[in-house]
Amino acid sequence: MSDAIAAKGRETTLSRWLMPLAGIIGLVVLVVGLRVLADPLAGQNLLANIYDLLGNEAGADQLRRNQGDLLLAKILLAFVALIVGVGGVWLLYTGMSAIVGLFSPRLQERIIPWVFIVPALLLLTMYLIYPTIATLVASFTDGTRGDPLRHYRELTTGPFLALFRNNLIWLVVGTAGSVGLGLLIAGLVDRVRREALAKTFIFLPVAISLVGASVIWRFVYQWRPEGQAQYGLLNAVWTSVGFDPVPWIQTAPINTFALIMIFVWIWTGFAMVVLSAAIKGVSVEVIEAARLDGASERQIFFGVIVPIIKGSIITVATTIAIAVLKIFDIVYVMTGGRFDTDVVANRMFLEMFQFFNDGRAAALASVLFIAVLPLMIINVRNLRRQGVGA
Amino acid sequence: MTAPTQSVERSAVRQAWRPNILKRAPVRLAVIGICVLWSLPTVGLFVTSFRNPRDITTTGWWEALFAPFREAQWTLQNYQTVLGTEGMGNAFLNSLIVTIPSTAIPITIAAFAAYAFAWIRFPMRGVLFAVVVGLLIVPLQMSLIPILRLYGDLGLYGTFLGIWLAHTAFGLPLAIFLLYNFISQLPRDLFESAAIDGATHFQTFIRIVLPLSVPALGAFAIFQFLWVWNDLLIALVFLGVGAEQQVMPTALNVLVGNRGEQWHILTAGAFLTMLLPLIVFLLLQRAFVRGILAGSVK
């Protein structure tokens, strides 16, 4: 017993000084690593320095001129990145805790929670709180020439109204399409064997990036002039039933719906998974009772099950509506906003990088923020009430 | 009654109440039809990526399925081209460099914060937690302009460090919220006995909280991994389209711009970008579903 205490005593004196030392070394390594990685050409420069040390001056020179063993440089960078990125964060917390461990227990108790939350708070302040305020301010001051509402007034004119009209179409059709199809499919797969397999097919697109999905559907919508081989699936079917081929992506207003279809294709799986889980939660007794009353399957689904899972439907709908409002990738990749398909988030990107009108971009972002706000509040409230955990 | 027996009983009741085979046929056909319809676009892409450029533009990909043994139409050349000269190989490495730390860092930072919010008393705890959760409402578009300017001043534009920090910060509110929900539900006794044993908060976190939180950490990890891997906007804004740093979605987007009608390159490129997420999805579908169910706010 006393041996154990003595051993513990030795261990604590040892770790009392070793751990903080390791912590300080860790922090130094972290800072140096971050310095290296803050360089866009980090990989090349790092490998070039190593080559210098090894006496391979020719190789180092080549790398500095952006030639030579670039792949090796990249792989080296990947390793350094993983070690610094993943290990660095752990070193940070370990080191800080070890340093705090040197203080008296009472002081420790007061400092340690801040060690745990300050990194998160710093990042959130820098990346979310400060920018939100800065963007709101910029929307009233940046390039407004003394007229604070200038950008917002411009947004209510001509071409910009088309943005909001398109976003509204996206909001209604995209949300209703994904939730409606998701609900329908969730109801259908509930009554077949191999339900999990069927769900996998529908759910799979969730893992695909919007850019990837856009390429997939671009191929489906591919158009060739009349008389040529239609190798796009949709036009092949369309012409085989006797119609002329349609350039789906270039033809307004059908193109906006063609783009929304891509979104629906991805998000229906999400809606299906959540709603299917909700349907499984409906008590069997209730369904049985309805059957005994002579209700048809359809009546049971729409009259009994749907009202019971209304809460889940709302959560799914608000989540999808938020994603719809912020839609960017599909429009950016498919049309770049041309052919009358532009939406707010894409236009904001164009204002930033093509027209260099940051003030108007800030105003567009602020509009998006205000549009998302009520939906997000509903959603966070819902989640908090349900206490949803992973 | 324990949960498993209950669910067995439930499904038995469900089974019994399913209408007979004849009545069920239309439903089955509908489900099969929907599954086929849903998969066709992806199958088309996959098949096309292995076809000769000349065949792609003269016949539909479905015709290749009717004559699958005409060997001359199949090729791996498209993938070779895309990985080599079109720079997708490089983009794949970049995507890994971006994605792995952008997944690991926010989970670590969020787990520490969630533990502190859940189990350590300190002043302003409630207010600060409300602020963190409140930040869920900010669309990331609000951050783009100020952060881009800041990155210009700090020299972080186009660096991996810059994009990790951005993905980390944007992922944090959701990560802290989800992990808090999980960690705060752990039994109180665990923490009391750890305190009696003289464990520091750091030790308690490492030895008790982390091992017990693996399901929540894993679910969020898959979620964040797919989110970062598939992201286009943040990569476009903070990394740019320079060939050196571009990740797979930006690389694919560049291909669409430059190789708009060269489907042998586009389809192979698109399939490469989807490869890793699809593997992750198919292997970890259950954990992924958990993540999706819990993380439906983003």
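Helix axes are lines fitted to C-alpha atoms over the stretch in contact, and angles run from 0 to 180 degrees between N-to-C directions. Keep that in mind for later.

This is a predicted model: local features need pLDDT of at least 70, side-chain atom pairs count only at pLDDT 80 or more, and totals for chains, interfaces and linings use all residues. Residues are numbered from 1 along each chain as its sequence is written, and chains are lettered from A and ligands numbered from 1 in the order in which they are written.

Start with chain B. It has 16 helices and zero strands. Both are DSSP runs, numbered from the N terminus: helices are H or I with at least four residues, strands E with at least two. Of its 298 residues, 48% are buried. Buried means that 20 or more other C-beta atoms, placed from the backbone, lie within 10 Å of the residue's own.

Now look at α9(B), residues 160-183. This helix bends by about 45° at Leu172(B), and Pro173(B) follows within four residues. The bend is the angle between axes fitted to the seven residues ending there and the seven starting there. In α9(B), 24 of the 24 residues are buried, so the helix is largely enclosed by the rest of the structure.

One packing partner is α6(B), residues 88-119. The two helices pack at about 40°, with axes 6 Å apart. That angle makes α6(B) oblique to α9(B). Oblique covers what is left after roughly parallel (under 35 degrees), roughly antiparallel (over 145) and roughly perpendicular (65 to 115).

Notes. A residue is buried if 20 or more other C-beta atoms lie within 10 Å of its own, exposed if 12 or fewer, and partly exposed in between; C-beta atoms are placed from the backbone.
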